[in-house]
Amino acid sequence: MAYDRNNIFARILRGEIPCQKVYEDAHVLAFNDIRPQAPVHVLVIPKGEYVSFDDFAAQAPAAEQAAFVAAVGKVARQLGVAENGYRILANHEKDAGQEVPHFHVHIFGGKRLGRMLPRE
Ligand code: 5GP
């Protein structure tokens with residue numbers, strides 16, 4: 001899938017749409033999810049143009065991948081959820097229900113999160 005420069009996270013990165021920023025560095029931005037599903041629900045996104053996890057894993061230079069992984073850990077510690085625990089999740093494409101076509105990792109925390117997947 002080609003990258004859509006008008007997706008909502010691209011617009012957040014360009015400052016065209018506001019976000020509640022929790023972390024930023026040269027490669028990464030993290031902000032609160034607009035429809036939180038846990039007391040802590042933060043989205044971590046690379047600044048590069050990657051459609052999904054699959055695109056990021058296949059195409060991003062190793063330095064960007066390493067910076068992203070380090071940032072996810074740093075954000076979770078900054079949010080205070082590293083001690084009690086948290087869940088990270090990335091939806092890729094249709095079967096996972098990916099809504100926004102710019103790679104992002106969700107960080108959920110702040111309560112017992114229950115089963116990994118709902119029962120069918
Ligand atoms: P996905 O289903 O693609 O993994 O998750 C997309 C997430 O982006 C959803 O949890 C949704 O609530 C969040 N989201 C969609 N639009 C916006 C927005 O404009 N601002 C913020 N902060 N989050 C958004």
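Q: What is the volume of the largest pocket?
A: This is a predicted model, in which local features need pLDDT of at least 70 and side-chain atom pairs count only at pLDDT 80 or more, while totals for chains, interfaces and linings use all residues. Residues are numbered from 1 along each chain as its sequence is written, and side-chain values use heavy atoms, without hydrogens and water. A pocket is an open set of points on a 1 Å grid over the protein atoms alone, where a 1.4 Å probe fits, with protein on both sides within 12 Å along at least five of seven lines. With grid points joined across faces, edges and corners, and volume taken as the space filled by probe spheres set on them, the largest pocket comes to about 870 Å³.

Q: Which element gives the most to the lining of the largest pocket?
A: The lining (residues with an atom within 4 Å of a point) holds 32 residues, with Asp33, Arg35, Gln37, Leu43 and His106 nearest the centre. Two or more residues come from each of helix 1 (8–13), strand 2, strand 4 and strand 5; helices (H or I, at least four residues) and strands (E, at least two) are DSSP runs numbered from the N terminus. The most, 3 residues, come from helix 1.

Q: How many residues in the lining of the second largest pocket are charged?
A: The second largest pocket has a volume of about 200 Å³. Its 14 lining residues include Phe53, Phe68, Val69, Phe103 and Val105, which lie nearest its centre. They divide into 12 nonpolar and 2 polar, and the number charged is none.

Q: Which element supplies the largest share of the lining of the second largest pocket?
A: Helix 2 (53–59), helix 3 and strand 4 each supply at least two residues. The largest share is 5 residues, and these come from helix 3.

Q: Which are the edge strands of the sheet?
A: The sheet is open and antiparallel, with 5 strands in the order 1-2-3-5-4. Two strands pair if DSSP finds at least two bridges between them; strands 1 and 2 (residues 28–32) pair over 3 bridges. Pairing on one side only marks the edge strands, strand 1 (21–24) and strand 4 (86–89).

Q: What angle does the direction of helix 3 make with that of strand 3?
A: Helix 3 (residues 62–79) packs on the sheet, touching strand 1, strand 2, strand 3 (40–46), strand 4 and strand 5 (105–109), where contact means heavy atoms within 4.5 Å. Axes are lines fitted to C-alpha atoms, for helices over the stretch in contact, and angles run from 0 to 180 degrees between N-to-C directions. On that scale the angle between helix 3 and strand 3 is about 155 degrees.

Methods. Nonpolar A, V, L, I, M, F, W, Y, C, P; charged D, E, K, R; others polar.
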